[in-house]
Amino acid sequence: MDLLKDTILRLLRERSPEYVSGEEICRLLNVTRTAVWKHIQALRENGYGIEARSRAGYLLTGVPDKLFPEEIGQGLSTRFLGRNILYCDSVPSTNNLAKELAAQGAADGTMVVAEEQSGGKGRLGRHWSSAKYKGIFFTFILYPPLIPSEANVLTLMTAVAMAEAVRNETGVAAGIKWPNDLLVDGKKICGILVELSAEMERINYMVVGVGVNVNQEENDFPEVVRLNATSLKAHAGRVISRVKLLQAFLKEFEKWYDISLEQGFAPVLARWKEMSVSLNCPVRISTPNKSWDGWAEDIDSDGALLVRLPGGELKRAISGEVSLRLSE
Ligand code: BTN
């Protein structure tokens with residue numbers, strides 16, 4: 001959003017429910033009435049409700065549920081996460097754009113959000129369906145002071161933070177399927193794709209991409225995923241504010257990130273286990289070449305899944321390599 005439009009919006013927001021006269025806006029911003037009118041029109045086109053009344057001026061009557069940085073920033077109390085936001089109406093993939101920004105040295109916690117993705121990427125080379133204005137598609141950049149093998153736990157942390165945000169904001173009881181899918185009644189409402197640039201001993205940067213199915217109807221999903229995907233709206237029975245959900249996630253993630261850097265990963269792993277729907281149950285783990293049936297016993301301190309095979313052997317599954325199916 002350009003600076004003038006941004007300033008007018010801030011002014012209207014501060015004064016609401018009072019009107020702000022056109023004359024005052026002109027004076028404060030040193031612009032003509034025509035310029036003010038043009039920016040008011042542009043705000044309306046972005047979905048803001050603005051009432052104009054002769055003599056009284058302008059009144060902000062409604063804000064859109066768009067993922068505009070101005071909206072996400074409203075009342076956001078994070079220290080670094082989401083403080084710098086790049087908004088895209090449409091983009092091939094927020095992960096790809098975030099990787100470019102990270103390679104150019106973007107600030108820690110920088111986030112790319114999109115209303116739609118034309119080439120959304122899922123784990124294991126899959127496609128991620130990204131219907132416009134319906135879901136939340138975002139990627140944030142981290143420079144964690146960790147070694148590459150610890151990166152797995154950050155993906156589990158992302159699932160914990162989103163599960164907490166979903167439960168608190170929508171009341172929908174999302175559970176976590178290892179490593180980081182969120183499920184409601186066995187269907188997926190969120191997927192996480194973490195990509196890493198690292199050397200043997202240190203992480204250069206990490207991009208954490210998250211896709212949440214928020215307000216989709218069944219028809220918004222491609223036929224191939226309809227059986228396995230659902231939206232929060234379908235379970236909450238109401239339209240969910242994408243902005244509020246994203247704000248809640250950012251706060252939760254930063255909380256767990258800070259706890260982990262101070263106290264280690266034990267607290268977040270414990271919370272992951274509490275919210276897991278894929279422990280203490282029969283599972284099938286698959287790589288492109290082979291699959292194993294077994295009993296999901298636990299996760300270890302690196303976030304790997306420990307599966308007891310029928311012969312008694314304990315198999316350690318690492319998230320990048322395998323997919324998991326919950327057996328009936
Ligand atoms: C999965 O479950 O397979 C992971 C899905 C991750 C999708 C998100 S949407 C935002 C970000 N950009 C992408 O291209 N993918 C991730």
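Trainee: How many nonpolar, polar and charged residues does the lining of the largest pocket have?

Mentor: The lining has 17 nonpolar, 18 polar and nine charged residues. Asp, Glu, Lys and Arg count as charged; Ala, Val, Leu, Ile, Met, Phe, Trp, Tyr, Cys and Pro as nonpolar; the others, Gly among them, as polar. Keep in mind that this is a predicted model: local features need pLDDT of at least 70, side-chain atom pairs count only at pLDDT 80 or more, and totals for chains, interfaces and linings use all residues. Numbering starts from 1 along each chain as its sequence is written, and side-chain values use heavy atoms, with hydrogens and water left out.

Trainee: What volume does the largest pocket have?

Mentor: About 1,000 Å³. A volume here is the space filled by probe spheres set on the grid points, which are joined across faces, edges and corners. The grid is 1 Å, over the protein atoms alone, and a pocket is an open set of points where a 1.4 Å probe fits, with protein on both sides within 12 Å along at least five of seven lines. Lining residues have an atom within 4 Å of a point.

Trainee: Which residues lie nearest its centre?

Mentor: R126, W128, D181, K188 and N228, out of 44 lining residues.

Trainee: And which elements supply at least two residues of the lining?

Mentor: Among them are helix 5 (94–103), strand 5 (136–142), strand 8 (187–198), strand 9 (203–212) and strand 10 (281–286). Helices (H or I, at least four residues) and strands (E, at least two) are DSSP runs, numbered from the N terminus.

Trainee: Where does the pocket lie relative to the domains?

Mentor: Between domain 2 (69–275) and domain 3 (281–326), because both give residues to the lining. Domain 1 covers 3–62. The bounds come from an automatic or database domain assignment. The C-alpha centres of domain 1 and domain 2 lie 34 Å apart.

Trainee: How many bridges pair strand 8 and strand 9?

Mentor: Nine, in the antiparallel sense. One partner pair is E195 with V207 in strand 9.

Trainee: What about the five-strand sheet, what order there?

Mentor: 13-12-11-10-14, open and antiparallel. Strand 13 (314–317) and strand 14 stand at the edges with a single partner strand each, so one side of each has no neighbour in the sheet. Here the twist averages 45° from one strand to the next.

Trainee: Which glycines take a positive phi in the hairpins?

Mentor: G303 does in the hairpin of strand 11 and strand 12, near 85°. G312 does in the hairpin of strand 12 and strand 13, near 105°. Each hairpin has five residues between the strands.

Trainee: Last topic: how many aromatic pairs does a search of the whole structure find?

Mentor: Nine. Take F138 and F249: the ring centres are 5.4 Å apart and the planes at 65°, so the pair is edge-to-face. Rings of Phe, Tyr and Trp (its six-membered ring) pair if their centres lie within 6.5 Å; planes under 30 degrees apart count as stacked, over 60 as edge-to-face and the rest as tilted. F138 sits in strand 5 and F249 in helix 9 (residues 242–263), 111 residues apart.

Note on methods. Two strands pair if DSSP finds at least two bridges between them. Axes are lines fitted to C-alpha atoms, for helices over the stretch in contact, and angles run from 0 to 180 degrees between N-to-C directions.
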